[in-house]
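Subject: Structure handover and findings

Dear colleague,

Please find below the structure that I am passing on to you. My notes on what was found in it follow directly after.

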Amino acid sequence: MRGRPILGAISGFFFGVFLAVALQQWSVRPLDNLSVIGLPLIGIALGLLMAAWAPFGSRSGEPAGAAPPTPPAPPPSEPRTET
Amino acid sequence: MKRRTGTVDRLRRLAVVAAVTCAVWLVAAPTVSASVQGPCEGTATIDGVTYDPSFDSASKPIVVPEDRSGLRIPYSGAITAQNTNYLGAVGIVVGPVTINIADWGLDENVDDVRATNPDAVYILGSELDSIVGLYRVTAFHDADGGSCDADAMVKLEGSVMSTPVGAGATAGAVLAGVAVLAAGIPKGKKP
């Protein structure tokens, strides 16, 4: 997981719960088994998938969790001249 | 290696699309339709519209207007079987639970009356003033001659954002949705 799976699962659960109630309030769908149980489960799955995908904050072609590039090596020091 | 990473990314995108598709299907799928089962029938008239048991789906609900306090609802009901020793109840479905909102107790009904009074009118109080949304209502009536089960979809009209539940649920869904998106920010970066 490159993203934040715990945040994804918890927020996905609450997203599903609030969405079920909001859909009922907006008269789209009543609070039946599918919306009360199904939407929170889908929310959890969506949050975990979002954490696994982690599409934000990474440049194209670069894995999001990749280590930052190592700084270039310093130029070789000039040989000391002993006097 | 790069090709493999691209394939994994495509699979992840596909999984997210599948989850969203499931959610859309869940929302768009028609709810269970039932109407009346058993030897019963009934109608109610609200705002000039007569509702019968066919009004049992989210797309065809029984509509209760926003200005409903004191609304007069003429209704009629009948059972074609013996109606002695009856009892019944009405409840609202909330997920796997049905909340009982009204019942009629065991009545011997020795005269076997099988229909409501022709002039029966239900006057709605103010108890539903602050409630809006779509509700699935179930009812049953048991008597010696048989039993009936009924389902109906009731839509209480009104301003959703003016009720605490409506405003809270809408705001909560938006905030939780933002948090779901924030879960897609890689660890080590500030969300």
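This is a predicted model: local features need pLDDT of at least 70, side-chain atom pairs count only at pLDDT 80 or more; totals for chains, interfaces and linings use all residues.

Just after helix 2 of chain A, Ala54(A) takes a positive phi of about 50°. Residues are numbered from 1 along each chain as its sequence is written, chains are lettered from A and ligands numbered from 1 in the order in which they are written, and side-chain values use heavy atoms, with hydrogens and water left out.

Chain A

Chain A has two helices and zero strands. Of its 83 residues, 37% are buried, where buried means under 20% relative accessible area, exposed over 50%, and partly exposed in between (1.4 Å probe, protein chains only). Among contacts in chain A with a separation of 6 or more, 65% are between residues 24 or more positions apart; a contact means heavy atoms within 4.5 Å.

Helix 2 covers residues 33-53, and its 21 residues should span 30 Å at 1.5 Å a residue; the end C-alpha atoms are 29 Å apart, which agrees. The expected span is 1.5 Å times one less than the number of residues. Helix 2 of chain A bends by about 25° at Leu39(A), with a proline, Pro40(A), following within four residues. The bend is the angle between axes fitted to the seven residues ending at a residue and the seven starting there. Leu39(A) and Pro40(A) are among the buried residues of this helix, which also include Gly43(A), Gly47(A) and Trp53(A).

After helix 1 comes Ser27(A), whose phi is positive, near 60°.

Arg2(A) lies in the segment before helix 1 of chain A. With a relative accessible area of 19%, Arg2(A) is buried. Its side chain reaches the backbone oxygen of Trp53(A) at 2.7 Å.

Salt bridges

How many salt bridges are there over all chains? The count comes to three, a salt bridge being a side-chain nitrogen of Lys or Arg within 4 Å of a carboxyl oxygen of Asp or Glu.

- In chain A, the side chains of Asp32(A) and Arg29(A) meet at 3.1 Å, N to O, and both residues are buried.
- In chain B, Asp151(B) pairs with Arg136(B), the closest N and O atoms being 2.9 Å apart. This pair links distant parts of the chain, with Asp151(B) in strand 10 and Arg136(B) in strand 9, 15 residues apart. Asp151(B) and Arg136(B) are both buried.
- Also in chain B, Arg114(B) meets Asp112(B) at 2.7 Å, N to O. Arg114(B) is partly exposed, at 34% relative accessibility.

Loops of chain B

Asp112(B) sits in the loop between strand 7 and strand 8 of chain B, and its phi is positive, near 55°, in a residue other than glycine. Asn109(B) is in the loop between strand 7 (97-107) and strand 8 (121-123). Asn109(B) has a positive phi of about 50° although it is not a glycine, and at 12% relative accessibility it counts as buried.

Ser59(B), in the loop between strand 3 (49-51) and strand 4 (62-64) of chain B, is exposed at 71% relative accessibility. Ser59(B) and Met153(B) are 94 residues apart in sequence and 9.0 Å apart in space, C-alpha to C-alpha.

The interface

The size of an interface is often given as the accessible area lost when the parts come together. Chain B and chain A bury about 4,000 Å² between them, 70% of it on carbon and sulfur atoms; this buried area is the accessible area (1.4 Å probe) that two parts lose on being put together, summed over both. The contact takes 50 residues from chain B and 43 residues from chain A. Across this interface the rule finds zero salt bridges. Twelve residue pairs are in polar contact, both at pLDDT 80 or more. A polar contact is a pair of N or O atoms within 3.5 Å; within protein, one must be able to donate a hydrogen and the other to accept it, and residues adjacent in sequence count only if both atoms are side-chain atoms. The largest share of the side of chain B that touches chain A, 13 residues, comes from helix 2 of chain B.

Yours sincerely
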